[in-house]
Amino acid sequence: MFEVIFVLEPPGAGKGTQCTKLSEKYGYVHLSAGELLRNEIRDKGPDGELIEVIIRETILGGGVSFFSFISDGYK
């Protein structure tokens with residue numbers, strides 16, 4: 001059986017800090033959607049190019065969507 005906890009907050013709200021604390025205290029595995037997507041782009045994974053296009057279009061296009069939150073820290 002798996003327990004899943006979603007921590008959803010705007011960029012800079014402390015998600016990473018809280019997830020690190022939860023991980024250390026309860027032994028959970030911390031998966032950051034933004035970090036996973038950035039790694040896929042950096043490592044030139046099979047979907048990296050598509051992910052990069054979507055993130056860039058969202059950021060440069062000024063659109064507010066789900067991707068604007070998961071791209072927290074993307075540069």
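A search of the whole structure, which is a predicted model, identified one aromatic pair. The rings of Tyr26 and Tyr28 have centres 6.0 Å apart and planes at 40 degrees, so the pair is classed as tilted (rings of Phe, Tyr and Trp, the last by its six-membered ring, pair if their centres lie within 6.5 Å; planes under 30 degrees apart count as stacked, over 60 as edge-to-face and the rest as tilted). Tyr26 is exposed, at 51% relative accessibility, whereas Tyr28 is partly exposed, at 27% (buried means under 20% relative accessible area, exposed over 50%, and partly exposed in between, with a 1.4 Å probe and protein chains only).

In this predicted model, local features require pLDDT of at least 70 and side-chain atom pairs count only at pLDDT 80 or more, while totals for chains, interfaces and linings use all residues. Residues are numbered from 1 along each chain as its sequence is written, and side-chain values use heavy atoms, with hydrogens and water left out.

Gly48 belongs to helix H3, residues 48-60 (helices are DSSP runs of H or I with at least four residues, numbered from the N terminus). Gly48 is buried, with a relative accessible area of 3%. When residues up to four places away in sequence are not counted, Gly48 touches Glu40 and Ile41 (contact means heavy atoms within 4.5 Å). Between Gly48 and Arg38, 10 residues apart in sequence, the C-alpha to C-alpha separation is 8.1 Å.

Val4 lies in the segment before helix H1 (15-26). Val4 is exposed, its relative accessible area being 59%.

How values were computed:
Helix = DSSP H or I, 4+ residues; strand = E, 2+ residues; numbered from the N terminus.
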